[in-house]
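Please open the structure in a viewer and keep the selection tool at hand.

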Amino acid sequence: MSNGTAITADDAKVVEQPAVKKPRRVPLSMIIGGTIVSFFVVLAIIGPYVTPYPFDQFHFKHRMVPPSAEFWLGTDRYGRDIFSRVVSGASLTVFMAGTGTFIGVTIGVLIGMFSGYTGGWVDEILMRLTDIAMSFPGLLLAMLVVAALGANEVNAVISIGVVFVPKVARVVRSATLGLRHIQFVEAAQVRGESRAYIIFREILPNIWPPIIVETCIRLSYAVLLVVSLSYLGLGAQPPAPDWGLMIAKERAFMVTAPWVVFAPASAIVLLIVSFNLLGDGLREWLAARKTSDE
Amino acid sequence: MSDGGGGGRDVLTIRDLDVTYFVRGQEVKAVRGVNLTVRAGETLAVVGESGSGKSTIAFTTMRGLDAAGRVMNGSIHFHDTDMLALRPRELRAIQGSRMAMVYQDPQTALNPAFRVGDQIGEVVREHTEMRGEQADNRVLELLGGVNLPDPAGVAQRYPHELSGGQQQRVLIAMSFACNPELLIMDEPTTGLDVTTEAHILDLVANLKEQHGSAILYITHNLGVVARFCHRVAVMYAGEIVEEGPVSRVFSKPAHPYTRSLLTCIPKLDLSKHDRPLSAIEGQLPSLSDLPTGCIFAARCDFAEDACRATPPPREQIGDDAEDTVSCHRHRELPPFEFERHIRDVDQARADATSDGALQVERLKCFYPVRRRIIEYVSGKQQKFVHAVDDIDLELGRGRTLAVVGESGCGKTTLGRTLVGLQMATDGTLTFEGNELAGLARDRGPDLRRRVQIIFQNPDATLNPQRSVGDAIARPLELFNLVPESGRAARVTDLLRSVNLPDNFADRFPHELSGGQKQRVAIARAFAAEPDLIVCDEPLSALDVSVQAAILNLLVDLQKRSNTAYLFISHDLSVVRYLSDLVAVMYMGKLAEVGTPEEVFVPPYHPYTEALLSAISIPDPMIEQENIRLEGPVPSPVNPAPGCRFASRCPRKMTVCETQEPPLHEFSPSHRLYCHIPREELDKMRPVIRYAGEETAVV
Amino acid sequence: MLKYLLRRLWLLALTLVGISLLIYVILQVLPGDAVDQLLGAWSQQTGTEYEVLRAQLGLDRPWYEQYFGWLWDAMHGDLGRSFAMDAPVLPILVQRLVFSLRLAVPALIIAVVLSLILGVIAAVRPNGWLDTAITVFTLTGVSVPAFISGSLAILVFAAWLEWLPSTSSLSEGEGFFHWAYVLAMPVAVLALEALAHITRITRSSMIEVLKTPYVRTAKLKGLPRQMVLFKHALRNAMLPTVTVIAFNIGWMLGGVVLVEQVFSYPGLGSLVLFAIEQRDLPLLQASMFFVAGGYCIANVLADLTYALLDPRIRYS
């Protein structure tokens, strides 16, 4: 209740006292976002098995046909079924974004907690380094890494990890700093607990909320980076059914055959929107939980 | 100041006020059926603990209730104006000019982005015809009026550049910008040092005298009420349970809640050897699910079935129509008596002196002031904050040494160094032959186990993600005190020893009240079977009724375990109650040490004298000297030679500014550092006396 | 304030050196040696020619020696020679930078002005219908990648409605209206994302600030509503916004790559892409350094603005 209902902080305290605890309402945005995200995750796992056609099968007699019963979302210039390609592409995008985020968040959390808890020169140096890394616009840093390592899926994932580490480290560090001198951590220091115990048992369980929210935001950026890199030809390479790549390759035909671009574009936007919704909802929900816990 | 303020016109009339908050689908009935009248020239106190609804009344009157709060019933009249019916424009004409407010936390009540002069000037320009230079001059006049030195300089400052006391003066200056007819003060001195509090209260009393404003004073501090107000309304859980002139309420309290409030705060003449404090058991009722009968019945010692069945009517006692109480049994209560205890100074001294298990010798703790890189390169000398500067103390097994002083005096640093949260710069700490050196993790496990700490803020003291049982069991595991099979049983024992039910082991901190959390923290400290516990202001965040229970618990546990306490506090009454020895600190230096019976009576250190004079005592039978500290607080960074207190000392001599004060040893336990010759110190008059006597209250 | 400025500039210099070093390290030290990749086309050739070429380009020296050589030259205004264009890098960069700024500056101005207004409107009544509409708009804005919104814009405004040109090549000497005509779409696409981000942050920080005790003080002083809102609240709510604006400049520099690609616009972003495709190492190093350095300078400007808005920073 730092400055929330400051007007009657004193009297509102009572509000939190009743023994009967009402369950907190889960924000609508979290439900919608979570549902769509789960849908995409399921699609990513089973996608390749449920498509009507293999994603790279050419149908030379049906090139650039509009959506029909046979080809639900139409076909591209080689007569490949766009529905099959978009569904197959889900696993590529979701796994690339997910793995990149996982790498970035894991390393970022470790660095952030270590830096924030240790403080002093170590912290100073680590934070200067993140400053430098964060001086690159995310997409450009990813492009730089891919340029150095070579353009393919694995390197695109690595580049996402590299872009995220400093940002996650920053967020986690500031959350850790907030707990560094809090009394239960000091109580552990007085007991003589080890540094690892304090970081992982006392601090980490209390900074999950910001980490979860940050992960969600990162996931939406990761999707954005994945598709942008492949759009620029720096991610997945043809004939991979990557959404960004599909847009890049078929864009020339979009005036005559808008459906070639429409399907992958909608998939991208829907996935990013749902991650953002989930992130917003989680933030709201966790904030509400925090106030009712105090 | 206890008698009626001379019945001027009614400035504020509140009738049958009900205010409800709508929070997450619940209706919290924060204020119910409140009637209040404030007259011109009068100060009405509304006193109560957290959750009593007192601040809600203040903000409802100002029409500053937040969006979740709504007035369900009743009226508020300012003179003849119906405050609840005003249109925004009419309301704005009253707010800030005819009716003004002073807030609890001045730091957050001022906008950090604007100069304070501009923030006051805004009010002047909005509500008067003054413009340009005329308005600027008015701002300076107002700042001068609240005794701020160099008003022109202060006007140019930003809020963060001022101390808490100065910020509050700025807010007071702002509230008097248009000579308000009604001033609402919401806990204006909470969080300020006692010496600052005394200044602020003097100032407001003065301004009120000049302008004849009526004051509605919201507070939890009964001492301030006794000192500053004419009439008082006591609130409990949203209702006024008793109202009357301060002189009557404090001498013949009629409601059981008022009586408990008055007896649960430790007084300067009460020691742990006299009796346990009378705590109020139980918890505030839920305001969304109210009991049918008397709101206080569940916690009342005198409650009968009738009390639980019907709410008590408001009854007049005495001649005054506003001298009322709401209690079924107020006529049947035994008479309320003030106690007096006979003091045996020698016995107290014998109790205090002992083997000296803890020895603090020439302890210094300095913090380096951060230098910029350029300053490193240019070889500029490192500066230090002298937080603790050359202190000698001694504490025996099973005894309590209290350290008192204003914020920033170094008392917390002393405690943190003891438990190893901070490094000592110089000097030694010995505990029963073992040196307490360095940080906690550098000390051996046995030494670490024997020295524990209890913190100030109950909300931060427990890890929110860990159950109460786990928190208490951790020291048992870490120090190998109890094998794993017996831990659960030991946790239950510990919970019982702090008067918590067994099933609390499975609860999480957010399910506990502040007092309960503090009990768990105490159980956790005692789980390590320590010989010394540093208590860093463990009571200051708690309501007085809860404070009393925790104090009793600490006394009880000490008797049983023979653990020594280093008790850090700013509250002289609590210190007097709990301690065997008192150390008064000022700016990192020791001013005076002794038993309470020695420190709280003359001869005093001038600083002790000023502290005693500044505290507010809720007892009409007591007289108090009026000593105020003027002069600037010196910087703790590389302080100048001489007595640290010299800049503010009312008894300063020239030698004080250049030489360290010498030590006077009045007894083996009573030491005092001051330049004033012994004969003069001996001639000092008691600061706090029983009315009409020369005996010091102790 | 001067002290603060000096400290900030000193940090900027350090960061710029750090950036150039990082670019060098990534391109030289990481596995998948970029030097080999650069020479991919020639690497089939015989050993001696290969070595000669390496020596010619100074690639046979240790990487740190090369780095300090590069840094030394860079500080003297020589950023090397582009392999692919066979011309000095600096003039090319400056020309492309000017082109990119013509996109980015108007986009940023539009985004900042609009987002502050939208943010305040949304915050005044959280969860009201205006707020909901703005939230939906900003959520969409942050979720649509520039290459999609750009493609969509081309489809609608260029192909179907035929209002605007689909590519945005500029020719010197044309008047303002021609520029506006040509650049309208890329600028709008670029502004959209920044607008969405800044609006979101302005809204949430405004909502927080409106709950603070000092805003309540201002209200209970009897000040008019607009004064409470725009003087007392917005000034403080701007603080996190300024940081996000700076952050968005970075985002925009990234978005520039995509937007320039979509609209075939010859700016800095497409130059970076060209350098990557051509494996033109000096050009890539220099253009990356330009972009990151520009972002850093924007950050410093943001910090200074922050300090102007918040007296607590200025004096600490």
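The stops below concern a chain contact, a sheet and a pair of helices.

This is a predicted model, in which local features need pLDDT of at least 70, side-chain atom pairs count only at pLDDT 80 or more, and totals for chains, interfaces and linings use all residues. Residues are numbered from 1 along each chain as its sequence is written, and chains are lettered from A and ligands numbered from 1 in the order in which they are written.

First, select chains A and C. Their contact (C-beta atoms, placed from the backbone, within 7 Å) takes 37 residues from chain A and 40 residues from chain C. On the side of chain A, α5(A) gives the largest share, nine residues. Helices here are DSSP runs of H or I with at least four residues, and strands are runs of E with at least two, numbered from the N terminus.

Next, select the sheet of chain B. Eight strands form an open, mixed sheet in the order β18-β19-β20-β15-β21-β22-β25-β24. Its edge strands are β18 (451-454) and β24 (663-665) of chain B, each pairing on one side only; two strands pair if DSSP finds at least two bridges between them. Within the sheet, β15 (residues 400-404) and β21 (residues 581-586) of chain B run parallel, joined by four bridges. Select B:Ala402 to find its bridge partner in β21(B), B:Val582.

Finally, select α19 (residues 484-497) and α20 (residues 514-527) of chain B. Their axes, lines fitted to C-alpha atoms over the stretch in contact, with angles from 0 to 180 degrees between N-to-C directions, come within 9 Å and cross at roughly 125°. B:Leu494, B:Leu495 and B:Ser497 in α19(B) meet B:Ala523, B:Phe526 and B:Ala527 in α20(B).

Definitions and conventions
Two residues are in contact if their C-beta atoms, placed from the backbone, lie within 7 Å.
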